[in-house]
Amino acid sequence: MVAMTRRERILAATRKERADRLPFIHWWRHMQTGWAERECRNRGMGLAWARPSHVARMRNVVVTEEKDPSRGPGIVRITYSTPKGAVYVDEKREPGTGEWHANRSWMDVTPWHVKRLIREPQDYEIVQYIVENTEYVPDYFPIEQAKDWVGDEGVVLAVLPKTPMARIMIEWIGSEEGRFYIHHKKYRDRIDALYQVLSQNMEALYEIAGKSPADYVWIGENLEGLLVSPPLFEKYFIPEYEKCCRIIHGHGKKVAFHMDGRLNILKHLIAQTPIDIIEALHPPPMGDLPMDEALRVWRDKVIWVGFPGAIYSLGTEAVKEYTFNLLRAAIPGERLVIAMSTENLVSNEHLITLTSILEKVDLPLTEEKIDNIRKALT
Amino acid sequence: MTDEARYLKALKEALLEMDYDKMKKAAEEAMAAGIDPLKAVTEALSPAMVVIGEKFQSGEYYLPELIVAGDVMKEGMEIIGPYLRGKGREPGHKFVIATVEGDNHDIGKNIVGTLLSARGFDVIDLGVNVPVQKIVETVQEHRPEILGLSALLTVTMPKMGETIQTLKAAGLRDQLKVIIGGSSVTPEFAREIGADHGSTDAVDGVEKCMQWVSAAKGR
């Protein structure tokens with residue numbers, strides 16, 4: 001039998017079909033270019049690359065950026081001026097922010113928001129105006145280019161922003177000092193109005209990403225069960241996931257949601273959603289939902305695991321031990337893709353260690369096969 | 001029901017209902033009626049926060065309720081606080097908490113701070129992205145029984161070890177317990193850096209703090 005390509009393995013697992021070997025990948029944005037990644041890719045590690053499929057344009061909104069050293073080093077104030085008034089966000093940009101990772105250290109892929117866009121009750125009306133006056137234009141070049149570059153080595157995903165309440169909560173209001181919850185208690189009607197407008201606005205984005213040439217659509221949700229309580233999830237997230245998936249599924253595409261937080265408390269609610277791929281699941285110790293339970297609870301979903309960075313900090317033996325346990329919990333190894341990291345760059349040593357195990361994982365996975373891999377390594 | 005009991009009940013209900021307007025009204029009326037501010041705190045607000053903390057721990061309430069309750073209590077304390085001065089409130093156990101430098105995550109830190117406040121601790125929250133030196137200076141100034149350090153990112157976790165080393169160098173380490181928290185924290189890591197306890201679970205962390213202060217009292 002001809003061995004599958006790395007791309008075919010990922011596609012098969014994500015279609016819930018059996019691949020010849022367990023697909024394992026590295027995210028392009030976290031990958032160092034050099035001898036180790038070359039060796040790991042030669043030994044079966046695939047690539048996943050998430051790129052945008054749209055360009056956003058704002059009408060009647062003037063955006064200015066200002067650096068004032070008195071606000072602190074690296075602080076940039078971005079002001080959005082509208083006929084309804086102005087709002088601003090203060091970003092802390094460390095050296096290398098926004099650059100390709102080969103030009104920087106791992107840190108500060110995105111800037112920290114030191115001051116959030118929404119701080120006062122009057123900010124809601126202005127932000128709502130900005131959303132109402134934002135439109136999206138398809139731009140498939142980044143996807144087409146990535147597909148050309150990646151070829152049979154992996155898959156390309158169309159990136160979308162967080163769904164409306166995740167965006168309002170995590171990016172615009174922020175959870176620092178419990179601000180989102182306090183606003184949600186005090187200014188519920190304003191939050192709900194902004195949510196409705198943003199939900200409507202994002203329909204165009206779902207259409208554009210759905211029609212793109214990407215393999216999948218990826219939503220950078222960063223879902224965290226500690227932050228999003230079950231009542232909030234039911235009220236604001238499930239309806240949006242249903243709409244998002246309905247539109248994107250209508251174009252024959254599967255949707256991946258980046259869920260790298262603690263999901264145990266939301267697992268049964270997540271099971272009810274039409275999400276296809278739970279991307280970046282972090283089993284314990286970083287997350288709180290074990291691998292076997294996630295596969296059992298989400299029987300109709302595919303899981304792309306994010307290998308927990310905390311394990312890397314414990315050394316090579318811990319990485320091996322954790323990987324074997326992870327594989328045991330995933331028997332027979334279907335509906336599963338393992339990513340080397342969804343958080344950081346991974347050291348050459350760990351990349352090679354993980355590859356030396358995962359390259360040997362023929363499917364279906366059995367206890368005996370795992371024991372044999374272990375023996376082969378010692 | 002006496003007048004005093006009625007005012008205290010109104011305060012407690014306002015907090016249990018997490019109602020900002022009711023809290024403001026109840027606190028203003030209680031103080032205007034000459035209710036002992038110490039009783040307002042110890043017999044109304046603190047017991048209500050304990051109930052809310054218990055509901056959080058049992059899974060009936062979630063983080064939003066816990067945070068909002070803490071904020072409603074703060075609203076009440078802003079009115080009652082000035083009347084407390086000179087009333088001889090017994091100081092609580094001091095607890096300093098911070099998210100270490102380079103890290104802006106504060107969910108777990110906020111839960112621990114809120115729950116410990118509800119348990120009577122005097123919590124000094126330094127916020128997020130706090131430099132090592134600032135933490136050590138705060139310990140030096142306030143002499144807390146416990147220091148809590150939080151980090152979510154694996155790359156900022158070493159700052160927790162650096163803080164402990166700096167405490168040692170300043171001769172402060174033996175005078176307090178250090179608890180570390182964050183989703184990447186493991187007991188091994190806690191031991192390795194010289195912390196007294198490491199936890200990924202805020203409730204577990206709070207229980208550990210309670211054990212420490214109970215043991216200290218028993219000595």
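**View 1. Chain A, inside and out.** Let's start with how much of this predicted model is tucked away: buried residues make up 45% of the 378 residues in chain A. Chain A is built from 14 helices and 14 strands. Its radius of gyration is 21 Å, close to the 21 Å that the globule rule gives for 378 residues, so chain A is as compact as a globular protein of that length. Along its principal axes, the C-alpha trace of chain A spans about 65 × 45 × 40 Å. If we take the contacts in chain A between residues at least 6 apart in sequence, 71% of them join residues at least 24 apart.

**View 2. Where chain B meets chain A.** Here, 21 residues of chain B are in contact with 24 residues of chain A. On the chain B side, helix H4 (63-84), helix H5 (107-118) and helix H8 (187-193) each supply at least two residues. H4(B) gives the largest share, 5 residues. What kinds of residues does chain B bring to chain A? This side of chain B divides into 11 nonpolar, 7 polar and 3 charged residues.

**View 3. The two domains of chain B.** Chain B is divided into domain 1 (3-84) and domain 2 (94-218). Taken over C-alpha atoms, the centres of these two domains of chain B are separated by 27 Å. Where they touch, 9 residues of domain 1 are in contact with 8 residues of domain 2. Helix H3 (37-57) and H4 of chain B each supply at least two residues of the domain 1 side, and the largest share, 5 residues, comes from H3(B). The residues on that side of domain 1 divide into 5 nonpolar, 4 polar and no charged.

**View 4. The sheet of chain B.** Follow the strands across this open sheet of 5 strands and you will read the order S2-S1-S3-S4-S5 (chain B), with parallel pairing. Which strands lie at the edges? They are strand S2 (122-125) and strand S5 (197-199) of chain B, each pairing on one side only. On average, neighbouring strands of this sheet are turned by 20° against each other, direction ignored.

**View 5. Strands S1 and S2 with the helices that pack on them.** Strand S1 (residues 94-99) of chain B pairs with S2(B) in the parallel sense over 4 bridges. Look for B:Phe95, which stands opposite B:Val123 in S2(B). H5(B) packs on the sheet, touching S1, S2, strand S3 (146-150) and strand S4 (177-181) of chain B. Helix H6 (residues 132-142) of chain B also packs on the sheet, touching S1, S2 and S3 of chain B. The direction of H5(B) makes about 170° with that of S1(B), and the direction of H6(B) makes about 170° with that of S1(B) too.

Notes:
Residues are numbered from 1 along each chain as its sequence is written. Chains are lettered from A and ligands numbered from 1 in the order in which they are written. This is a predicted model: local features need pLDDT of at least 70, side-chain atom pairs count only at pLDDT 80 or more; totals for chains, interfaces and linings use all residues. The radius of gyration is taken over C-alpha atoms; the globule rule is 2.2 Å times the number of residues to the power 0.38. A residue is buried if 20 or more other C-beta atoms lie within 10 Å of its own, exposed if 12 or fewer, and partly exposed in between; C-beta atoms are placed from the backbone. Two residues are in contact if their C-beta atoms, placed from the backbone, lie within 7 Å. Ala, Val, Leu, Ile, Met, Phe, Trp, Tyr, Cys and Pro count as nonpolar, Asp, Glu, Lys and Arg as charged, and the others, Gly among them, as polar. Domain bounds come from an automatic or database domain assignment. Two strands pair if DSSP finds at least two bridges between them. Axes are lines fitted to C-alpha atoms, for helices over the stretch in contact, and angles run from 0 to 180 degrees between N-to-C directions.
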